[in-house]
Each structure stands twice: as structure tokens, then as C-alpha cells.
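The sequence and structure follow.

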Amino acid sequence: MREALEKIEQAAKEQLEMVSEAKALEELRVKFLGKKGELTAILKQMGKLSPEERPVIGQLANKVRSDIEQAIAQRLESINNAEKEKRLKEETLDVTLPGKKIKIGKPHPLNKVLNEVEEVFIGMGFDIVEGPEVETDHYCFEALNMPKHHPARDTQDTFYINENVVLRTQTSSVQIRTMENTKPPIRIISPGRVYRSDTVDATHSPLFHQIEGLVIDKGITMSDLKGTLELLMKRLYGEECKIRLRPHHFPYTEPSAEVDIMCFNCGGKGCSMCKQEGYVELLGAGMVHPKVLRDCGIDPEIYSGFAFGIGLERITMGRFNINDMRLLYENDLRFLGQF
Amino acid sequence: MNLSMKWLADYIDCSDIPVKNFCYDITMSGSKVERYDAEGAEISKVVVGKLLSVVAHENSDHLVVCMVDVGEDKPIQIVTGASNVEAGQYVPVALDGSTLPGGVKIKKGKLRGVESNGMLCSLGELGLTVHDFPYAIENGIFILGDDCDLTLGKDIKEAIGLNDITVEFEITSNRPDCMSVIGLAREAHATFNRPLNVKAPEFTGTDGDINKIMSVRIDNPKLCQRYMAAVVKNVKIEPSPRWIRERLRACGVRPINNFVDITNYVMLEYGHPMHAFDLRYVNGSSIIVRNAKNGEKITTLDGIERTLSEEMLVIADADKPVAVAGVMGGEYSGIMDDTTTVVFEAACFDGASVRTTAKKLGMRTDASSRYEKGLDPNCTPEALMRACQLVEQLGAGEVIKTYIDCDHCDKSHREVEFDSKWINDFLGTDIPEADMIKYLESLDFKIENGKVIAPYFRIDIECKADIAEEVARIYGYNNIPSTIIKGIAKAQRTPKQKFEREITNTMLALGVNEITTYSFISPKYFDKINLPNDSKLRNAVKIKNPLGEDTSIMRTSILPSMCEVLARNYNYRNQSVAFFELGNEYLPVEGEILPAEPSRLAVGMYGNEYDFYYLKGTIEELLDRIGLSDYDIEAANADCGIDEFFAFHPGRCAVILKNGKALGILGELHPDVLKNYDIGIRVYAAKLLVPEIIELSSSEKVYKPLPKYPAITRDISVVCDESLPAASLEKAISKAVGKILESVTLFDVYQGKQIESGKKSVSYSIVMRSHEGTLTDEQADNAMKKALKAITELGAELRA
């Protein structure tokens, strides 16, 4: 019997080697270890053995069984591993094929930049205030120290609805409305559409956007205006950006300034983009004219303030290197899809 | 304002400052330089030469061969086609390798076999005209006259004075005094801190009483505060000397003759316009400054007949207007070659009046652009004195010693309190008072008794802030420190702003691209979107002076703006697009001056993946996100409350309703509208009324506990008339199932062979769940029975 057992173990191990599928392995297990299997058949003959031989053969039989079981288990694992390897191999993808197109809407570049500017100002404690685009002459001009026939009106070619109603040429009108209705301290920006009768070309549009800011409180100084604008520009363009203030004239501010930003292209050395100046004109600003304050019911002896106006188109075009303003209003998907 | 640097040098010496630095510094102190140009910059290697001999060309009957002395060892040979050359003349010679304006390069070569080592130049070839050198001819070589430096070999730019630098300034409307050479010299004086050499002009004059020659009367002293006149007898009309012509040219003014040039010269130098009349044509020798009569006519110097109206101020003689005050003189009374007696006018007219008149007549002149900003009448005398001085300097006539001065002006100076502490507090600076005084005095202000007294020419000084600006700009804006605003401020977006941001963000997340369109449209767009003629949307705010019809009214509907963009994209062959715009409409309100400007959401899409239900799903997702619930979407009709209904396919258009109020419209555009826009593909569009939706929405989200007990799902298929809206079935099921309903979802709509025609089969999956315990089958069966009963009442029956 001993030989028979050893033969079985031998045979089982040999046959196991030949098996390469889980199913065939199971068949083999039944063949050797099953109820009708070869090992069972031998064990059934144990009764014929002498009492001395029985425990020895029994022990041997158990060892053979567990050896075969172990061999099957090992074999199974290696078959499974091989199958897994095979599947993984078969499932290999060309990862360089294009990804599926998932649609997401793109914000209009003007609003993308406006959003950033608004975030900066909200962080600095500015409320966002809106106002009418079709506006009275009073709010658009007269309250801003530009009575009828004031020569500065010439610089803002105006669309008229009638003698007293215009399309606002600046969002400063919103500032006047705010000053009339709100007690200082005031800290607002008023973004929105403004209108000037400029013929459409690469740098002009009869409709464009402004973001005007206004701060009124006790003790507001021109150095505060400078600090605020510097902070804004650093947030928008990075810490290394530099601005300069240049004296200018606006009827509603005194002193008035135009603010230039150092040319990104040449870093202030002068190039074709900045017309050799090293700086590019960015916005207008100044201390709110005492007359404007007084007319809004704010005592200029107690309060002071500053105001500034940024052209959204200008900073958007600068930001994305857009060279033609018409693209912003044409709304061609091939353009919009880039932002 | 163009400034001649040569002219500036009369008053201040800035010759050692490189022009680039000059421009930068004067810009930073407040006079902005737009650009600067060196005259004749394109001209090189052109010199003065003398024609030694001129002989005929052997192979040509129109060419001549010249030997020219250009100051070198040997004369050079040049062939020219000009017929005005003779030996002994001095001429500009472009040498081999020279350059001329317009990028022209001159090289030696052979003309009909004869060597030519350069070119003799005409005025035009040097970029000049006969106005610059009246003795030269237009079609021929420029024969240099006595007013040129005739040193042989001399660079032509220096020889003829084509070597000025012109600086173009952008002068703001508050500083008309800077529209002059002297005004800019004063600014340079303050900027560069070097001496200014301006003397009051004087003239000698000849004896005579001007009042015996002419008279002046001002009828409207409000519009003409001062009128001064001087008379010049025995005048000799001729071209001005070179230095005057040269300076006028540098400032962009065409030289005409000595008297006209003097008036322009004075205007450019002092910033005060002048005029000259021929006394012969001033009838009655009397000048009357009066308002025009309605319909009165005058032919101005530019040869155009103008019809005047009564608010315009004119200079008239006894019978008729001879000039439009402050704008332009009359042709009839202007200076002519045979003029013998000239009247100089130096007058100060009201700015607003000149501005209105110039605008109404459509003629903005150098004079009107100065007057309209406001000149001080106290500056008028020096203009007249300067003109008389120039006449004597040029020997152009005899100036009568006495002159007329009709003066109604205020002689007081503008004064403002001087408060150095206030200025420092206002600017955020720490400038010593002594420095402030220094800055102000450099700008001709006087500090007396705690007051700043402005010079007459500074018409812009009114308040302390004006003084602060003067101090700040000379101190240097960029020397002001940068500080952060003191105090705490809290800021947040308004509910409306938050809501609109949520709309934008949701639409972007839904794969729809944002657009921005003009707020003005063409009235024709209403026809393009099929609006009936009596639609109230056709009542729009009209622009009185539009750029064109396409942008002539403020939109009362955002829809056509969207259609334009869709059409443009279709035309650009963009295969499929989805767009939205959050923008305003402008709706006139009865009895109000200003229109309402409600915000609207427009959505538009076309392309293979889009259909009505895609659009509807997009809108539903949006409404869910922004917190609008319990609304209905029903088939729209002409009375649905939204006028754009007519732009849509009548069978594929729905209205969004809540509490009986229309909140929006969506659907497929009408084929006629697509045709109007030349779009050959179905287009889906929607318009939502944002403020109306805000009012009925709630952004509050409340957490609902996650279900603890299992749900039971039952499917139901029913057959009903095809006209029965699915929404009514859904509603009936919801109501019948009641509290335990979790969801009812449509999963199939079928029409076809297995269904009777005119009917449709609709299948729903109904999910029920209780939060109190596990639902029993019995409870679910009961609920389904009720649901079936409810839909049977609508005429539907269980599908067999």
C-alpha cells in the first residue's frame, strides 16, 4: 500500500504540472481526492491491514492527502495569477487615444476678468453697486461737475435719448446715486456697461465696460488712493507689477491722475507695445472734487474720498493678449472656447 | 497742441535736456506729451550746392547736365530734368547714398549714358510746400533764397531751418493757457526749475487817433467781456520771414501772408486767438459785437455760406456780420493782397457760447477750441500788443499808437485759502510749507495774507483741492507715499448679485458658454423674430444720435441678440453651439423718465446633440439649482404672457409658470425666424425673467434625513390620447400616491403599431418609501390603485 500511496502522490504531482486551467484542476482534485477518487479507494482497503501497519499507513495516507491538497492549492494560485496577468495584458488600452469630450461652459473673457477684480475688491471691503444704464443728464454729467456746454463733455461722445436722458458714458453716475443715498463711510465699486458714440474698430466700441471705485470717509488721502491701486494691480498682475501716477484732469476729481502700468512686454524699457514709453495707460483716478461731494450732501470739510475708473476691456485684452476689441462682442465659439 | 522746441527756446533754455527726458518730465508734472518728432528726420546727406554750369544733355532734349560745387575738392556732375536751373544758383543736392522723406534713397547712376552723382531736390522732395518757401516753385528745383544759409556743403536741414523738434501735447480742457508756447514755457519753468524769460510785449506806434478811424460797440457784454482793436496803416502784404513760417509749420499751421501769419503766431504763442479785418470792407468803419439775427447769412473764410441764428454772437459792421465771434472770420472782409489798412481784433468771448455756435455750425477751429475752454479777458491786451510789436518788427505797416479797449471784465484775481496742513492731510504727505510756496510761486501764484492768488491765465483755480493738485504735481505724484485705507469695512454681494452668479455658474456647469452682446439693436430685429406689429415690445427707448440703424434702439427683448450670435456662429460653420447671456432689457415705463432695466437670461443652442428636451432639461436643472420649485412647464400660446411666443414653433414652445405668473419661455425657434436669420438647422432658445424668478425662489436648502427603510418600486404603463400632456398624468399620480411617493419618473413614451392611432403609451417608474417603517406590499398596492384611478379619470387606461 505504501507503494500505491507514493505512486498516487507521484502521479498527482505529475498531472498537476500538466494542468493549466482551474476547471481541469478541479477534475484532478476529484480524481485523486474525491469520494470516488484514487486516494479514497486506497483508504477503503485500510481494513485489510494489520493493526500495526494501520496507523503508519494512515499517517502516510493523510500526509499524501495534505501534500496533494497543498500542491493543488499552489497550482490554483499560479493558474489564477496567470489568468489575471493574461486579462490585464489583454485589457491594455492605448492611453494616447483622445479623452471623451466632456462639455463645460466657458465664461466670457470680460466676465472672467470682472469676477477676479470683484473678488479683489470684496476682499478689500468694497461693496458692488449697480445702477441704470439709461441715465439722466444730471447723474451722468451735471452732478459730476460737468454742466451743459462743459468742454470736458467733448471727450465723452454721448448717445442721447432726449435732452435730459443719455446712455451713461461712465459708471460714475452710480457713485453719485450712492453718495446721495448712503452716509459715509462708503466703499464701493460699480461695474457695468457704458456707452460712447465711437465707431467700432480694433480698439473702440460704442459699448464697453467700466469698473469705477469710490471711497469716502474721514481722513481719506491721495496716498490711500495710491496704496489701493497698487494693491489692486499687484493682486491682478502679480507682486512685481509697477504703476505710476501722472497728473491729468477730470472735472469730478481734484487732484486727478492717469495711472499707467509698467509694460509687461518690455518691463519698462520701451517697446512697440507700449509705444516706447515703458508704461501703458490703464485707468483714471483722483480725489473726489469737493463740489461733487457738496452737491451730494456730503460736507467736504469733514469727509474726503477718492474715485477711480478702470476699463474692463483694456485689462481683459491686456490679460489675454487680445488684439481686436470686436472679438469680444462677436461671440464666435472658436474665440469663446479659449477662456 | 504742437510745440516747436526752437520757439520754446525763446523763453526758456532746455537745449541741454535730451528731448526724451524733457517729454518724460513735463508729462509727469502734468502736461502730457503724446509724441515728438524731429523735422526732416528722414533726410540725410542732402547739402547746399552751387550750380557751376548747366549744359544740354547730348542724348536728350529735356535733360540737362549740371556741374555742382558741394564744398568738396571737385565739383560733382548731376543730370536733372528740371527746367528752372541756371548756373550761379544755390540748390539742395542729394548726394550719392542720401535719403529723402518717404524712404526714398538716392544712388549714383547713368541717365541716357551720362553719369549722375546725385539729385537736385524740389520742395516736395524735401517734404515741403510753397507755403514754406513762397518764392520757390512747385514743379522744379528749389532755388535757395537769401533766407537760407548758403554755405556750400552745409547740411540742408540746417541751411533751410528744417531742424526743429515738434512735441505734441495732449492739453486737458482745464488748461487752455497751456495751448500756447508761453504757457508750456511756464510749465517747463516749474518742472525744470530754470529761468523763464517772458517780457510784456510793447510797440512804438505812429501818431493818430483810432477813434477817428473806427469805432467798437459791444451789445452783449455777457458774451463778449472785452474787445480790443488796433489799426495798422500803409500795410505791405507779403510772405512772412522764414522764422515765422518755420514755427507755424512746426506747430501744424499753414503760412499764408504776414498779417494772417501774425494772428496765428500770436494765438500759438499766447494762446489767445486774434483776427484781422480789411478796414475797407468794414462798412461804416464800425464794429458791433451783437447777436446774429435769425436767418442772417455769412460766407466764412473757408468759402462756405453759413446761416446764423439769434443765439450766435457775431462781429458786424454797420450792415452785416463780418465774422462769427470766436469761430471764423468772413471771407469778404479778410486780408487780401491789396489790403492797405488792417484792423486787429483781440477779444474775449464766452466759452459756452462759442462752443454752442461752433458745434451748431459744424466748424471747430483753432480759435473756437481755445475760447470754448474759457480764456481770461485780462490776458487780451498782451495778445494785441504782441501783434502790433510783430508788425513793427517785420516792417509790415504803421501801427496807430492809440487803440480801442471795450472792457467789461472783472479785474479781481482768483483767490483760495492757503492751508499747508490741510494740503498735507489731503495728500497724505509731509511737504514743508516753504516747499509748497516754492512750487506755487514757480507756477506764478502769489502767497499773500494766508491766501494763494492765482495768475489771470489760471481760469481753473477754484478751491483748496486745486492748490493741492498744483503742489502735488510739482512735488511729484510718484513721491506721494502709498498707504492702506484705515478703518474696517464689511462687504458682500447683494442677494441679487449672488443669485445671478449662481445662474452663471450653473449654466457654465451645464456646458453652456457665456456671451456678451450689445444692448442696442435695430428696430428691424422685431420683424426678424416675427413679433406682431402691435407687440408692446416694439415700444423701445430710441437713441437720438445712433451710429447706425443696427444700434439705434435699446433692446426690449434679449432674444434677437442671441439669434444674431447663433446666426453668426452658424455662418462661421461652428457645428454645434450652446450659449447663454445674462443681460438687461430696457423697458419704457409709462410716466417715468427712465426705463426699467430688468435682467434676463437668454439661452440658445443648435447642433446634433440638442433638442427641445435637452433645452428643457437644462432649464429644469438650472431652476432646481437656483431654488425655484413647484412650477409648471406648459404648452405656450399667444396669451401666455411672454411676447416672444411668436418667435417660436407654436407646437414646440412652453411657458414656465408659477402661481399663474409667466417666468420664462422656451422652445424651438419658428422656421420663419430661422429663415430670417439664414440658419439652416433647428435652433432651441429660451428666455427667463430673472427678477421675477428671484421673487419666487428660495435658496434655503434644508437637509432631509437619508432613508432608513427600503423603497418599493412599481412600474405602470398607460395608454391615453396623444394630446393629453404627460405632465397632467404625472401630477395625478403624485397626488394620488401622496406622502409615500418618493419619485415618479417617465421611462418610455411609445406610439406605433401596437397602439391604436391617436393614442400614446406612457410608462412611469414609481418609487415609494415611508420614513416611519418598511412599506408593506399592501400599502404599495393601495397607492398604485389610487394612482390608476386618478389617471383613469383623465381618460387613460392601463396598457394591456
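How many residues does helix H20 (residues 726–737) of chain B have, and how far does H20(B) reach from its first C-alpha to its last? H20(B) has twelve residues and reaches 17 Å, close to the 16 Å expected at 1.5 Å a residue. The expected span is 1.5 Å times one less than the number of residues. Helices (H or I, at least four residues) and strands (E, at least two) are DSSP runs, numbered from the N terminus.

The model is predicted: local features need pLDDT of at least 70 and side-chain atom pairs count only at pLDDT 80 or more, whereas totals for chains, interfaces and linings use all residues. Residues are numbered from 1 along each chain as its sequence is written, while chains are lettered from A and ligands numbered from 1 in the order in which they are written.

A residue is buried if 20 or more other C-beta atoms lie within 10 Å of its own, exposed if 12 or fewer, and partly exposed in between, with C-beta atoms placed from the backbone.

| Helix | Span, first to last C-alpha | Buried residues |
|---|---|---|
| H14(B) | 21 Å | B:Phe499, B:Ile503, B:Thr504, B:Met507 |
| H20(B) | 17 Å | B:Leu729, B:Ala732, B:Ile733, B:Val737 |

The buried residues of H20(B) line one face of the helix, because they fall within an arc of 120° when seen down its axis. The arc is that of the directions from the helix axis to the C-beta atoms. These residues pack against strand S37 (741–750), strand S38 (759–768) and helix H21 (777–793) of chain B. After H20(B) comes B:Gly738, with a positive phi near 75°.

H14(B) has 15 residues, and its span is close to the 21 Å expected at 1.5 Å a residue. Its buried residues, B:Phe499, B:Ile503, B:Thr504 and B:Met507, fall within an arc of 135° seen down the axis, so they line one face of H14(B). Their cover includes S27, S30, strand S31 (599–606), helix H17 (612–625) and helix H19 (690–696) of chain B. Just after H14(B), B:Gly511 has a positive phi of about 85°.

**The contact between the chains**

The contact takes 66 residues from chain A and 74 residues from chain B. Two residues are in contact if their C-beta atoms, placed from the backbone, lie within 7 Å. Elements giving two or more residues to the chain B side include helix H14 (495–509), strand S27 (513–514) and strand S30 (577–584) of chain B. H13(B) gives the most to this side, with six residues.

**A sheet in chain B**

An open sheet of five strands in chain B has the order S12-S15-S18-S19-S20, with mixed pairing. Two strands pair if DSSP finds at least two bridges between them. The edge strands, each pairing on one side only, are strand S12 (215–218) and strand S20 (328–329) of chain B. Strand S19 (residues 321–324) of chain B pairs with S20(B) in the antiparallel sense over two bridges.

**Chain A and A:Ile298**

Chain A is divided into domain 1 (2–90) and domain 2 (109–336), with bounds from an automatic or database domain assignment. The centres of the two domains of chain A, taken over C-alpha atoms, are 89 Å apart.

A:Ile298 lies in the loop between helix H9 (290–295) and strand S10 (304–311) of chain A. A:Ile298 counts as buried because it has 21 C-beta neighbours inside 10 Å. Leaving aside neighbours within four places in sequence, its contacts are A:Met179, A:Pro184, A:Ile216, A:Leu293 and A:Tyr303.
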